[in-house]
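Trainee: I have a new model on my screen and would like to learn how to read it. Could you take me through it feature by feature?

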Amino acid sequence: MPRSTIERVLANESSRLLAIPGVTSVGIALGPPGRDAIAVGIIDRGVASRVPTEIEGVPVVVEVTGIVDALPKR
């Protein structure tokens, strides 16, 4: 699947994915062998069931990242 397709899907779906309670981040990562995927960071495994496994034919990989806090401005 072309990288541009994954970038389009991510641009279209990132807001929806980030609106799922417990989702901390979205991006592009390596998925199934030899394929790019949408990466979704979650706070704990309980959130995984609310995240789709595929969007428009693009695989979604989930990683438990815990809570993500931004560093304060200096």
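Mentor: Here is a walk through the fold, the sheet, the core and the salt bridges.

Trainee: What should I know before I start?

Mentor: This is a predicted model, in which local features need pLDDT of at least 70 and side-chain atom pairs count only at pLDDT 80 or more, while totals for chains, interfaces and linings use all residues. Residues are numbered from 1 along each chain as its sequence is written, and side-chain values use heavy atoms, with hydrogens and water left out.

Trainee: How many helices and strands are there in the protein?

Mentor: Helices (H or I, at least four residues) and strands (E, at least two) are DSSP runs, numbered from the N terminus. Here you have 1 helix and 4 strands, and from the N terminus on they run α-β-β-β-β. The C-alpha trace spans about 40 × 30 × 20 Å along its principal axes.

Trainee: In what order do the strands of the sheet lie?

Mentor: To read a sheet, look for paired strands: two strands pair if DSSP finds at least two bridges between them. In this model the 4 strands make an open sheet in the order β1-β2-β4-β3, with mixed pairing. The edge strands, each pairing on one side only, are β1 (23-30) and β3 (54-55).

Trainee: Which way do β1 and β2 pair, parallel or antiparallel?

Mentor: That pair is antiparallel, over 7 bridges. For a landmark, find Ala-29, whose bridge partner in β2 is Ala-37. The two strands form a hairpin with 5 residues between them, and Gly-34 in the turn has a positive phi of about 80°.

Trainee: And how do β2 and β4 run, parallel or antiparallel?

Mentor: Strand β2 (residues 36-42) and strand β4 (residues 58-64) run parallel, joined by 5 bridges. Here the landmark is Ala-39, which stands opposite Val-61 in β4.

Trainee: What joins β3 to β4?

Mentor: These two run antiparallel, with 2 bridges joining them. Glu-54 stands opposite Pro-59 in β4. Their hairpin has 2 residues between the strands, and Glu-56 takes a positive phi near 50° there.

Trainee: Where does helix α1 lie?

Mentor: For such angles, axes are lines fitted to C-alpha atoms, for helices over the stretch in contact, and the angles run from 0 to 180 degrees between N-to-C directions. Contact means heavy atoms within 4.5 Å. Helix α1 (residues 3-18) lies across β1, β2, β3 and β4, and runs at about 170° to β1.

Trainee: How many residues does the largest nonpolar core have?

Mentor: A nonpolar core is a set of buried Ala, Val, Leu, Ile, Met, Phe, Trp, Tyr and Cys residues joined through side-chain atoms within 4.5 Å. Buried means under 20% relative accessible area, exposed over 50%, and partly exposed in between (1.4 Å probe, protein chains only). The largest core in this model has 15 residues, and Leu-17, Val-23, Ile-38 and Val-40 are among those with the most contacts inside it. The elements giving two or more residues to this core are α1, β2 and β4, and α1 gives the most, with 4 residues.

Trainee: What does Leu-17 touch?

Mentor: Setting aside residues up to four places away in sequence, Leu-17 touches Val-23, Val-26, Ile-38, Val-40, Pro-52 and Ile-55. For the whole protein, 31% of the 74 residues count as buried.

Trainee: How many salt bridges does the structure hold?

Mentor: A salt bridge is a side-chain nitrogen of Lys or Arg within 4 Å of a carboxyl oxygen of Asp or Glu. This structure holds 2 of them. In one, the side chains of Arg-8 and Glu-56 meet at 3.1 Å, N to O. Arg-8 lies in helix α1 and Glu-56 in the loop between β3 and β4, so this pair ties together parts that are 48 residues apart in sequence. Arg-8 is partly exposed at 40% relative accessibility, and Glu-56 is partly exposed at 48%.

Trainee: What does Glu-13 form a salt bridge with?

Mentor: Its partner is Arg-16, and the closest N and O atoms are 2.6 Å apart. Glu-13 and Arg-16 are 3 residues apart in helix α1, so about one helical turn separates them. Glu-13 counts as buried, at 14% relative accessibility, whereas Arg-16 is partly exposed, at 45%. Leaving aside neighbours within four places in sequence, Glu-13 is also in contact with Ile-55 and Glu-56.
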